[in-house]
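Here's a walk through one model, with an eye on what sits inside and what touches what. Have a look at the structure first, then read on.

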Amino acid sequence: MPNIVLTRIDNRLIHGQVATAWVQYSGANLLLVPNDDVSVNPTRQNLMNLAAPKGMQTRYFSVQKTIDIIHKAADRQLIAIIAETPQDVVRLVEGGVPIKKVNVGNMHMSEGKKQISKAVCVDESDIAAFKRLKELGVEVEIQRVPTESKENIWDLI
């Protein structure tokens with residue numbers, strides 16, 4: 001069973017907030033980005049490696065490869081999964097990745113989205129994905145940084 005200590009949705013993926021506050025809070029020693037684009041984009045990977053804490057392991061896999069290999073993780077690996085979208089998290093959970101709780105950090109505004117909290121904007125597809133996660137028994141909460149209060153996503157949608 002993989003030792004997943006944090007699953008976070010953050011469309012910036014690995015950046016300062018994740019690299020400092022969330023890694024320290026969760027105790028993670030491996031940052032895993034399950035993203036089809038990033039898995040084949042060395043430029044994006046290199047930029048995120050620069051933001052990762054010194055000595056932190058990083059992995060960039062497609063969503064399917066994550067599903068296929070996460071159960072091979074060593075016990076010593078304390079994994080923080082940083083996903084770009086709720087749809088990717090749904091794919092992970094439906095694929096058998098044992099995610100029980102999701103922290104939603106940043107989902108930027110774009111066309112067709114509405115703002116529901118300081119840093120989270122959603123469209124109908126996002127809402128459907130969050131509802132699917134709820135159906136799958138996954139707890140979802142909004143929290144930008146560990147020192148802020150958690151927000152109940154269902155009160156905001």
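## A buried asparagine and its surroundings

N35 is buried, with a relative accessible area of 3%; buried means under 20% here, exposed over 50%, and partly exposed in between (1.4 Å probe, protein chains only). Bear in mind that this is a predicted model: local features need pLDDT of at least 70, side-chain atom pairs count only at pLDDT 80 or more, and totals for chains, interfaces and linings use all residues. Residues are numbered from 1 along each chain as its sequence is written, and side-chain values use heavy atoms, with hydrogens and water left out.

So where does N35 sit? You'll find N35 in the loop between β2 and α2 (42–51). Helices (H or I, at least four residues) and strands (E, at least two) are DSSP runs, numbered from the N terminus. Setting aside residues up to four places away in sequence, N35 touches L13, F61, S62, V63, E84 and D88, where contact means heavy atoms within 4.5 Å.

Its side chain also has polar partners. A polar contact is a pair of N or O atoms within 3.5 Å; within protein, one must be able to donate a hydrogen and the other to accept it, and residues adjacent in sequence count only if both atoms are side-chain atoms.

| N35 side chain to | Distance |
|---|---|
| backbone nitrogen of D37 | 3.0 Å |
| backbone nitrogen of V38 | 2.8 Å |
| side chain of E84 | 2.7 Å |

E84 is partly exposed, with a relative accessible area of 23%. Beyond its neighbours within four places in sequence, E84 is in contact with I9, D10, N11, L13, N35 and R44.

Next comes α4 itself. Which of its residues are buried? They are P86, D88, V89, V90, L92 and V93. The cover over them includes β1, β2, α3, β4, β5 and α5. After α4 comes G96, whose phi is positive, near 105°.

On to the greasy part. In soluble globular proteins, nonpolar side chains tend to be buried together. A nonpolar core is a set of buried Ala, Val, Leu, Ile, Met, Phe, Trp, Tyr and Cys residues joined through side-chain atoms within 4.5 Å. The largest one in this model has 31 residues, and I81, V89, I99, V104, F130 and L133 touch the most other members. At least two residues each come from β2 (30–34), α3 (63–69), β4 (78–83), α4 (86–94), β5 (101–106), β7 (120–122), α5 (124–135) and β8 (139–142). Apart from this core lies another, of 16 residues, with V23, V33, A80 and I82 among them. As for I99, if you skip its neighbours within four places in sequence, the contacts are I4, T7, I81, V89, L92, V93 and V138.

Strand β5 is mostly covered, with five of its six residues buried. Two strands pair if DSSP finds at least two bridges between them. By that rule β1 (residues 3–10) and β5 pair in the parallel sense over three bridges, and D10 has N106 of β5 as its bridge partner. β5 and β8 also run parallel, joined by four bridges, and V102 stands opposite V140 in β8.

Finally, N3 lies in strand β1 and is partly exposed, with a relative accessible area of 30%. N3 touches D75, Q77, L78 and I79, not counting residues up to four places away in sequence. The C-alpha atoms of N3 and R76 are separated by 8.0 Å, although the two are 73 residues apart along the chain.
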